[in-house]
There are 2 protein chains.
Amino acid sequence: MPIYDVKTFRSREAVGALVGLTRKAIIERLESELAPHGLSAAQSLVVLVLAQGMADTAAGACKLLSHDPGAMTRLLDRLQEKGLVRRVPGPDRRSARLELMPKGRRVYAEINAAQVKVLNGMLRGFSPAEARQLESFLKRMLANA
Amino acid sequence: MPIYDVKTFRSREAVGALVGLTRKAIIERLESELAPHGLSAAQSLVVLVLAQGMADTAAGACKLLSHDPGAMTRLLDRLQEKGLVRRVPGPDRRSARLELMPKGRRVYAEINAAQVKVLNGMLRGFSPAEARQLESFLKRMLANA
DNA sequence: CTGCGATTGTTGCCTTGACAACAATTGTCC
DNA sequence: GGACAATTGTTGTCAAGGCAACAATCGCAG
């Protein structure tokens, strides 16, 4: 059962444009929260992924965030310069294990707080059930991809 | 009533990351559909906005798509080179009225079809009511921004 | 009408993600 | 074990958006 029809389709009302605008609004607010640390949204996501143990290599982070490997190399370079992350030789000699430095763990706490603050702000007026339903919708769209 | 809590927050499950991934998936599929025309997703959105009469100046399109004015100038240059759009002197001498060329109108039909196809594909399994609810959720988030 | 702030578009500069080519390493199939 | 494909990370190059500075024009307060 198709949702949209060519004849009645109005782009600005559709999920495509709305998702794009929503993402931009989230990033804008998140980066403004993180400005004191000079972190981009993408950088903060990587720190987050490492801190929560969801990945410990560049490739792992790339898959999780569907981020470009080339961009990831340079992103990690910057995180390393900032003293948040370091590359440690791991079992696989092609890659390096990514390890959070103490400063990285401290910053992680603030990234976490910033994300929670921004998302709660944009979900103002949502009931917990609605928020979970929104998450579920988005996951279903991703599963269709 | 806050949705997320600092202690239990898991980034990858949250709306922020999901919105980002969903957007990337939509763009990927849309650009692959539009590849024959060599159009980017951003370019196609501008053509769409012009064709549906939602804007007829660069500033209008910028506001609607929350796009950077500098980037918009160059984007329009490219659309003009492709023969899809032209700048016509308008009443306001600062700006130019944007007009779709015949080729632009033809391409618009295909952009429209591509968007409908991609979105319907990613909304597979959604009931019309669910899709409208998803739209509504996203609009509410944007209204909070 | 005049002056001044706001709007509009353009340009230059910077950052960053996408893509392709590549080298090193790993895993697999025979 | 050895050939070969797949994985991993890096680099260079390109395209595109964000930001700041600017000029032209507009609109409004006085």
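User: What pattern does chain A follow along the sequence?

Analyst: Happy to start there. In this predicted model, chain A reads α-α-α-α-β-β-α-α. Its secondary structure comes to 6 helices and 2 strands. The C-alpha atoms of chain A fill a box of roughly 55 × 30 × 25 Å along the principal axes. Of its 145 residues, 35% count as buried. Among contacts in chain A with a separation of 6 or more, 45% are between residues 24 or more positions apart.

User: How do you know what length to expect for α1(A)?

Analyst: The expected span is 1.5 Å times one less than the number of residues. α1(A) has 20 residues, for which 28 Å is expected, and the distance from its first C-alpha to its last is 28 Å. The two values are close.

User: Which residues of α1(A) are called buried, and what covers them?

Analyst: The label buried needs 20 or more other C-beta atoms within 10 Å. In α1(A), the residues that pass include V15(A), L18(A), L21(A), I26(A), L30(A) and L34(A). E33(A) and T22(A) are also among the buried residues of this helix. The cover includes α2 and α5 of chain A, and from chain B it includes α1, α2, α5 and α6.

User: How many residues does each chain bring to the contact between A and B?

Analyst: Chain A gives 54 residues and chain B gives 54 residues. On the side of chain A, the elements that give two or more residues are α1, α2, α5 and α6. α1(A) gives the most, with 12 residues. By class, that side of chain A divides into 31 nonpolar, 12 polar and 11 charged residues.

User: Why are the two copies described as related by a two-fold rotation axis?

Analyst: Chain A superposes on chain B through a rotation of 180° with 0.0 Å of shift along the axis, at an RMSD of 0.0 Å. The two copies are therefore related as by a two-fold rotation axis. The same surface serves both copies, as 100% of the contact residues of chain A recur in chain B.

User: Why is N144(A) called partly exposed?

Analyst: The partly exposed class falls between the limits of 12 or fewer neighbours for exposed and 20 or more for buried. N144(A) has 14 C-beta neighbours inside 10 Å, so N144(A) counts as partly exposed. N144(A) is in the segment after α6 of chain A. Leaving out residues up to four places away in sequence, N144(A) touches G121(B), M122(B) and R124(B).

User: Which residues come nearest to DNA strand C?

Analyst: A residue counts as near when its C-beta lies within 6 Å of the strand. There are 20 residues around DNA strand C, and those that come nearest are D68(A), G70(A), A59(B), G70(B) and S95(B). The elements that give two or more residues are α4 of chain A together with α3 and α4 of chain B. α4(B) gives the most, with 4 residues. This surface has 8 nonpolar, 7 polar and 5 charged residues.

User: And which residues are closest to DNA strand D?

Analyst: DNA strand D is surrounded by 20 residues, and the closest are A59(A), G70(A), S95(A), D68(B) and G70(B). Two or more residues come from each of α3 and α4 of chain A and α4 of chain B. α4(A) gives the most to the surface near DNA strand D, with 4 residues. By class, the residues of that surface are 8 nonpolar, 7 polar and 5 charged.

Definitions and conventions. Residues numbered from 1 in each chain as written. Chains lettered and ligands numbered in written order. Predicted model: local features only at pLDDT ≥ 70, side-chain atom pairs only at ≥ 80, totals over all residues. Nonpolar A, V, L, I, M, F, W, Y, C, P; charged D, E, K, R; others polar. Contact = placed C-beta atoms within 7 Å. Least-squares fit on C-alpha atoms with pLDDT ≥ 70 in both.
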